Each structure stands twice: as structure tokens, then as C-alpha cells.
Amino acid sequence: MAIPKNFDHQYIESKWFTAWDSDMYRYSGEGIKERFIIDTPPPYPTGNFHLGNALNWCYIDFIARYKRMKGYDVKFPQGWDCHGLPTEVKVETTYNLTKNQIPRAEFRGLCESLTRENIALMKGTMQRLAFSIDWSQEFVTMDKAYYVKTQKSFVQMYNNDLIYRDEHPVNWCPRCETAIAFAEVDYDSRSTILYHLFFEGSDLGSVEIATTRPELLSACVAVAVNPSDERYVRLIGGTVRTPLYNEDVAIIGDEAVDPTFGTGAVMICTFGDKQDVRWWKKHNLPLKKVIGKDGRMTDQRYGGLTIGEAKERIIGDLFESKLLKKQERVEQNVGFHDRCKTPIEILSESQWFVKIDKDAILARAAEIEWIPSYSFHRLKNWTASVEWDWCISRQRIFATPIPVWYCDRCGRVVVAEESWLPLDPTQEAPRCLCECGSSSFAPEYDVLDTWMDSSLSALNAAGWPNAQYKRQFPTQLRPQGHDIIRTWAFYTILRSDALVGSKPWERVIVNGMVLGEDNQKMSKSLGNIIAPESVIEQYGTDAVRQWAAIGGSVGSDVPYNTKDLTASSRFLTKLWNVFRFAMLHLTEGVQPVTYGVQNPSEIWLIYNLVDLVESVTSSMDRFAFDEALKEIRSFVWSTLADHYVEAVKGRLYERDAYSLAALYLALDAIVKLLAPFCPFFAEELFSHINPSAESVHLNSWPAFNLRPRDVTASDPTASSGVVQQITFTASQAEVQEARRTGELVKEIIASVRRYKSEQRIALNARIEGVFVYLNRDMFYGAPDISNALNADIEYRRGKPDIHERVTDVRPDLSSLGPRFKSNAKRMAELINNSPTEEIADQIGKGSVTIDGHVFAPTDFIVKKELFAEGMVVDVIELSEGTILVKRT
Ligand SMILES: [Zn+2]
Ligand SMILES: [Zn+2]
């Protein structure tokens, strides 16, 4: 089949998109080949697979394709992390309703159909990007087939005392009206006002406290001062009265109070912030709830008002009562819900919690290889900052139901048995009576944090809870973004340790973010988001994938830039053209050959190719995709296109079996090395060069064993995987010598071509008389490169005898003028009329005298030429010799 003249990515992509078998990447699980299981991220189905996702998935696909070619049984599943708030909000706005206006099942149904539409959109983009996903392993967390596992994990951890229900302060989003976990709280600083309030003393004395949250005054349960603060130490143990509310609260001493902040006295409320919770626990203080789940006040003074309204009112009331002493502007760190950016409150609520064993998590995390290694520190720092257990219950609908009921008579908690699952307790009753004999239950309406679903992805990939998981766990690789180390990575490690007592993966590879062309993180608000579809349309999938590979080392942020995309397309066009030229000669296939000393250029190419394969393999093993792709590109541009093809052009037309065989060998290997990066392009080329073979993606990664005549088959590489043997009639020493000659040939060709370009001689123009002098014996005669250079070449041994000769001497008027003034013209004539050799001779001695007039060497413009072998020549120096080119 003829190769089209021009490289057209759209034609190639649509051709292979249709031709590829969807079963091609199926995981066998038979255990014959070594397993490589990837714990692929299940993205949230927003409907938009963005460029940041594309980067992460390109990395995964490079690894999956490489490992498959290396002979592994690769499992590359794809899941969808469906549950959660954004979909609920989208449904509410789309249908203009709130979740409580329609039955739960109906609301859930609307969320499910929106999710399925979004999955289809994202799947389309992923398929266009040619990710080698085994779609038979697709999982959808909102489907019973998946969430039955989440429920089982809940029951098992509950039965093992790793999950409990308790009233405890939790982070609460008043907008979403649900509890959230610490991992979902983003802290950010904002400017606010610090108010100084007067607390009247009831016994030891009065005190002025400073607070940013006066609206919590009715929740004040104590006033705290630092015990080393001399201003207040005598007050500790006494009480003061809260302004407006006139309630007596204790004054306590605590080292955590900063005497330099505000007045050095603070009120402890339940709860203004995390520090209040620490003090409340430590000093065993009472609990006063003044904020409701909807974020409105519940106290007797300001009940029904929002927090903002209550704050405004209380400031006014305090001011009128002259209890507000001072206001000052301060910067404060505030927690926001990561999904909706609403400032969170801390409320004491009955919730479900997973116990966090920090030491166990850190021990497991230390068993895992983290790439890049600094990502491990992010996990360590996060773990150290965790203070409360993981709150896993959410007051929402679209999530995995908690399989629990409460007895109406005795209040006992009934947790489902594993065999009843999956189930929704709001739709069915427990299949047993309560221990008290009652059959009347209230269901648990709360649902699970969506990280409870996704933190099972590694176990799910290994086949848990089926017993087969034991053979497949831990998985080999977790690829993910650094922004979800504190959530997805942390929770997955916790759950794997809790459920099966193992680390979830052998290694985790953490990718950076994609930056916009302005080098800012891509975001809607900055307007620098780029949809992958438009980039694919313009540059093609294989160029987009190269951009992902070459943009930086794994873990670094990668900027989107059109320069890389253009360079990627240019590279493919270059290789396409080289390939097309090569295929003119390779159409009839190649004969098996044994290389000998007469093939220095072929031996040089083969050794360079072997070096390339070794270094690309090592780069791929280190996940250094940028290095791997740069090495391949550089080989194609300089080693293959600029040198080898040019050097053997003439021999290709003569159908020289060695040149053809080496060319085939190199192209076949390059196409295979390129397959993980450019799957469409590599497949197209592979189908031309190996028309009867199956897909390049089912082929083996290239590996060679070089066998000079005197090297026996004991090479260790010969025993691992599919290794191509390349044999030589020459001995090891002779092969090395031929390789050196090949290197020299390359230098000669490159030098003469550079010379032509400097002399403005067309590259294909013929030049006569090129004499190559070598300091050493050319091994087994000199290779014929006359054709490659379009020049007559003669080789000679030794150093050429080169003389410099002055061929012309002219007066330099710019020097003569100032010195001889009106006489200058006459002096110039004098010079012009004197014999060149005589003047040249005197210039060499430092001064020139003509007719009694003394001249300086600077008075002359001297033209020199190089002479050798009786010709005027140009000289090109080589590392091991000299080239003379006859001047014409
Ligand atoms: Zn929220
Ligand atoms: Zn009961």
C-alpha cells in the first residue's frame, strides 16, 4: 500500500480509530505474564475532560503501553467517581428545585442520568486521545456493582471497631448543609476586624477581650489568658460576666493563648475555630450551640438571623451599651468548603467517623515508593496536621447509603449484614428484629463521603472483595495529582491498611498541574482554559501526547504552549518524510545479513541504535518521559535523517543489502519506541514496514543482542524477553574499529557539508578534488562516500604539507592617508608597482622599505592562500585528520 505524500493526522487517526479492536488492551489475569495493575483515578464526571486530566492520563498511558510491550499483563481500568455535591447542585439549578422538594429516589435518578451523559462526553475525549484503557474493567461508583463494595467496607470496618457514631465537633458547610471532612476544608487568609469587648468582673476584676467573632458571644464558655501574662495572672480562677448576655464564665490559664494578640485575653466559644475545640476538650468546658445547620443563629437574642446579620446587630448593640472598646483590622486564616468556597462553621453534631491511626498510615506510606520523592513529604505533613477522626457521614442524597437503622423502641443501632448488601435503608428494613424484639426502625438518612467510594479503587482494581484480590494486591501503580494527596492517597492508604492490612500500591507517581499560556494555573476565572478537543483538531492526538511527555519531568507543572505542539508536528512530518523515502527502497523487504568490516556506517548506526534503545528503556523505567522522547527525536533528526540516510543514499539506490537491512532495523525500532507516545503515527508506520504483522501495540519493546564473531551467546540480555540477535562476521575488536570508522565517516560528511554551506555552494552541487588525510590507517580501506557528498574523494595517509602564500599585496589607503598626507597617492602607486614577493618577504620581517621610503606592515592589505600538492586549497580539520578541498 502506497504511503500518502503528506502526513495528515486526521486521516491516520480516523483510520486506526476504526480499525483498532477494542479487545486489544484486555487484561488476562491468568498469571502467566507478570501483572502490572494500575489504580487509575476515577475522575468526577463533570462532562469536561480537561487538559490537566489529559496530562495525567497521558502519563498513565505511556506506562501502560510501555509495560505491555515489555511483556506485562497490564490492567488499565477506568472508573467514574460519581457521587457528590456538584452533581446535586447542577440538578437543582437545571430543574429549578431543591433536593427536598421531590422524593429522594427521584432526585437520585436525575443525578444518575446527568452523570451518565457526562461520562459519555468524557469517555469520547479519552478515546480520541487513544488511551489504551481496558473498557471491560470500567467501574461506576454510583452503580450497585460498585457501591456494594463501599457498603461492605463500611460494615467490615464497623465490625472491627474502626467506624463509630458519635457527637463531636465537625466542619460544617452552611450552604451545602452537610458535615465535611478536614481534607475538604481549604484555608485562606482574609482581612477582618478584631473587636475589643468589655467583660465585667464579678469577683477578682474585669477584663477586655479581643475577638473577630462577637456574634458567638452567647456561645462563650470561658475566657482564656496566658498564665505567664502578668496583667491577668491574678484573674485566673475567677469569673467574668459576658456583655449583653450577663452570663458568668470562668477565666482559665492556657499556654496556647498569645499574649501579644489583641488584648492577650480571648473568649472560648463552641465553636469559633479549631483552637476553641482544642480548649473545649482540654478544659472540659460546657457546650453551647448557637448556630443551626442552615447557618442561622439559634440564640434568644438574634435567633433566625444569618451570621453576617447577627454580627452587624451585635456590634451595634455593644456600641450603644459602651461595651465595645476598640476595633482594629487584622489578617485572619479562615476555612472554606473546597467545593463551594463558603466559610465553614464548626458545629457539634452526631456523625459517623472513621478512626485515623496516624502511625499505621505513615508506616504503610513509608513502604511505598513516591515519585517524585518529595510528594511523600506532603503526605507526612498532612498526616501530622490531622487532629480529628475522618467524618464520613454527609447530609446529602446522591451518595452511597449508610446501611444502618435505628430501633424506634430502644434506640439501638442496627448495621446491615454483608449478605444483605447492597441496600438503601430508606427503601428497605433490616432482615431481623432488634435485640429488644422490636421490628420498627428509622433508617439512617445520612450518606457516605464520596472519598469512601474512591478510596477503595486500589482494592477494586485487584478484585476485592473476591478472594482473588490476594494474588493481585498491592497493585503496582497509583498515578494521581498532588492536589489530592491529602484525600485520595491518604484515605486509600488508610482503607487498605484497615481492610486488608497492606499498602495499596508498590509506587505512586504524582503529576503536576497544567498551566495556561500565561503560566498561571488553568482556571475558569482566569479564562485561560483550553479544551483538549480544539488542540487535537489542530495538532492531532500524537502531538498533544508529545506535549504531555516533553513538557517537564513527572511532578513538575507543565505549561500549555503551542511551541511544543508545533515542534511535535514538525517532528512527525520529518519522520514521515524520512520514512517515505526509506520505503521507496524497503518495499521488497530486506534479506537477513551478517555485518562485517566492510559496513562501518551500518555498524555505527546499529551501535547508536542500541545505545538509544538502552537509554530510552532506562528513561521509561524511571518515568522520565521527557528524556525518552527527546532521545528518540534527536536520533531521528541527526543520527538517522541528517547522517545515515544521506551517507547511504547511493547504496540504497543500488539495493545494497546491508544498508537496507540496517535502515529497516532502525526504523522498526524507532516506530516501536515511539508507540507509547504516538500510538496512531506509530501504528501507521508499523503497518507499512511490517505489513503482515499485528498491531505495533501488541509487539515487543525493542531489545538487541550484538554478536561479533568471537562473542558467544552468554550475554545476559539474551535470556530476558524478546531479544533480536545481530551477528557480525567480524571480531569484537574489528567491530569496534569499524564503528570508529563509521564515526569518522560521519565527521567527514558533516564537515564537507558544513564547508559547502559556508562557501555558499549548493549541497547537491558537485565539487572536484576532496583529499582526506588521516592520521591512522583506514580500517579495511576507505568507505565510499563520494555519492553522499557528490564529490570525488581521495584518501591519503598522514599529514598534508600545507604552505601559506601571499598572492597579492595592495596599499591600505586608510593607513597611508594619515601618514603620508598629500604624498599618499604616490606611495600607493609605488606599492602597486613593486613585486608582490619582495614586499611579502619584508612584511614578514616587520618593516618594508621601497625606494628609500619606510612603510609599516599596516600600510598593506595582504591576500594569502593555502597551497598544498601544488594546488590552492581550503583546509578542514578533523579529529583524526585533515581534509583539503581544491579551490576552483
Ligand atoms: Zn459547601
Ligand atoms: Zn430495639
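**Close-up views of a predicted model**

**View 1. Arg 231 and Asp 229 pair through their side chains.** In this predicted model, a salt bridge joins Arg 231 to Asp 229, with 2.8 Å from N to O. Here Asp 229 is buried at 7% relative accessible area, while Arg 231 is partly exposed at 43%.

**View 2. A salt bridge links Glu 880 with Arg 740.** The N to O distance is 2.5 Å. Glu 880 sits in the loop between β34 (871–878) and β35 (881–886) and Arg 740 in helix α20 (residues 732–758), so the pair ties together parts 140 residues apart in sequence. Glu 880 is buried, at 18% relative accessible area; Arg 740, at 38%, is partly exposed.

**View 3. Helix α13 (residues 532–539) has four residues to look for: Pro 532, Val 535, Ile 536 and Tyr 539, its buried ones.** They lie on the same side of α13 because they cover an arc of only 100° around the axis. Among the elements covering them are α1 (9–19), α4 (104–128) and α15 (562–586). Just after the helix, look for Gly 540, with a positive phi of about 95°.

View 4. Arg 128 is partly exposed at 27%, as is Glu 537 at 42%.

**View 5. The second largest pocket holds about 1,200 Å³ of space.** Of its 41 lining residues, the closest to the centre are Thr 212, Arg 213, Gly 272, Asp 273 and Gln 332. Strand β13 gives the most to the lining, with six residues.

Definitions and conventions
Residues are numbered from 1 along each chain as its sequence is written. Chains are lettered from A and ligands numbered from 1 in the order in which they are written. This is a predicted model: local features need pLDDT of at least 70, side-chain atom pairs count only at pLDDT 80 or more; totals for chains, interfaces and linings use all residues. Side-chain values use heavy atoms; hydrogens and water are left out. On a 1 Å grid over the protein atoms alone, a cavity is a set of points where a 1.4 Å probe fits but cannot get out, and a pocket is an open set with protein on both sides within 12 Å along at least five of seven lines; lining residues have an atom within 4 Å of a point. Grid points are joined across faces, edges and corners, and a volume is the space filled by probe spheres set on the points. Helices (H or I, at least four residues) and strands (E, at least two) are DSSP runs, numbered from the N terminus. Buried means under 20% relative accessible area, exposed over 50%, partly exposed in between (1.4 Å probe, protein chains only). The arc is that of the directions from the helix axis to the C-beta atoms. Contact means heavy atoms within 4.5 Å. A salt bridge is a side-chain nitrogen of Lys or Arg within 4 Å of a carboxyl oxygen of Asp or Glu.
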